[in-house]
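Hi,

Here's the structure I promised you. Have a look at it first, then read on for what turned up in the pockets.

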Amino acid sequence: MLMYRDIFEEEMNRDTVFRDASKLMPEYVPQVLVHRDEEFRQLTRFFKPVLENRSSQRVLVTGSVGVGKTALTRRFGAELEKAASSRGMILTYLHINCRKDRTIYSVIAKILQHFNPRWPYHGLGPEKLLNDVVTYLNSRDAYLTVTLDELDFFVQQNGPNLIYSLTRTAEESGGPNRISLIAIARDKSFLRSLDAATQSTFMHNVISLDRYSASQLRDILASRLVEAFKPGVVGEDTIELIADIASRWGDARFALELLWRAGMAADAEGVKEVTPEHVRKAKAEVYPEIKRETLRDLQLHEKLVLLAVARKLAISKRAYAFTGDVEKTYRVVCEEYHEKARKHTQFWEYLQRLGALGLVDIKPSGLGQRGQSLKISIQEVPAEWLEKEIEKLIKGRAT
Ligand SMILES: Nc1ncnc2c1ncn2[C@@H]1O[C@H](COP(=O)(O)OP(=O)(O)OP(=O)(O)O)[C@@H](O)[C@H]1O
Ligand SMILES: [Mg+2]
């Protein structure tokens, strides 16, 4: 019988095509962003006055899924900090994902805690907390640039107050405005919910990232290949096939995920080369319409509600499920996972959030009153696939 130590060692020594698979994860920010020099330059031009005149700036970065908005701004933020410091200016760059930090409060807490993890903030309103930040910056003659990533989701759910607070608090403090903002959204449409003045400041400073072409994706993949794989395990045609598939969406995240999954498929077979057939296998199990991070970052009960929708649809084989039935399935799912089912109003909120994230589609059923009965569908991916993905995520959670 194999001892656990043997199994451990066997797995550790198992041959793999990867040198470092973490270099393919969406969180990893590469040193070089291929084909984004011009956009980096544009950002730099917008921020020149911040470094030169110590003024503040507001920029909007737009583009569809996986075009490098997050990677570009993170890389820019790192350079901005360095450039400021070499000019004797204290400037902090903070990147906040507003899909994860989903309330005004938690975004502001993120800012405070960056400066001091023990900053007492409980029970205080957002305006007061922001005032504290401004006072802190003033007292140190320091500056802050905050990127609000995936801000469109946030504004859809919480309205425009966060941006108002961030812009106004600094302006009303009397001193120089020390807080600059970079907003990231899929497109400009969310600006409509802001007032005309705020809208126009962003409107004048928009950097829009185009989808990548097949040849650009090929270059992106090639540059990542060296970091992530052992030399010579991924052939030219494998890369070409991935780039061609992903170019339909122009999405670098999808391309990198295909590459990663293809590598996993090769490892599973114990072979030393990642072939086009591995890519085709990978393609069958990834859907670019749904981001892995979006699923992963859902709260547990949001996952359970989504699991209930997916199950209900998979079992019934129908196009739509009624909210009442989904809620019943949700209760069963909760029992299965030994979780206490949340109350109806809460369930309702989870469902709305899943709708806002585009994971489910919600429309009135025509039955019932006052919107109490809705029809839920999943349009982008097979319900069974979604069911499996969420089950994997829930089971893998740290308890
Ligand atoms: N030009 C590039 N060069 C190298 N890697 C890139 C480039 N653009 C994107 N990537 C990589 O592709 C993945 C997706 O990029 P990123 O997360 O920045 O996209 P995004 O526009 O923020 O997408 P979303 O709207 O879904 O948040 C990341 O792993 C990123 O490192
Ligand atoms: Mg992003």
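The second largest pocket lies between domain 1 (37-208) and domain 3 (292-395), because both give residues to its lining; the domain bounds come from an automatic or database domain assignment. Bear in mind that this is a predicted model, where local features need pLDDT of at least 70, side-chain atom pairs count only at pLDDT 80 or more, and totals for chains, interfaces and linings use all residues. Residues are numbered from 1 along each chain as its sequence is written, chains are lettered from A and ligands numbered from 1 in the order in which they are written, and side-chain values use heavy atoms, without hydrogens or water.

A pocket here is an open set of points on a 1 Å grid over the protein atoms alone, where a 1.4 Å probe fits, with protein on both sides within 12 Å along at least five of seven lines; lining residues have an atom within 4 Å of a point.

That second largest pocket holds about 420 Å³ of space, counted as what probe spheres set on the points fill, with points joined across faces, edges and corners. Its lining has 20 residues, and Val65, Arg186, Glu289, Ile290 and Leu357 are the closest to its centre.

Now for the largest pocket: its volume is about 850 Å³. Of its 44 lining residues, Pro26, Thr70, Ala71, Arg253 and Glu293 come closest to the centre. Which element gives the largest share of that lining? That's α3, with four residues (helices are DSSP runs of H or I, at least four residues, and strands are runs of E, at least two, numbered from the N terminus).

Cheers
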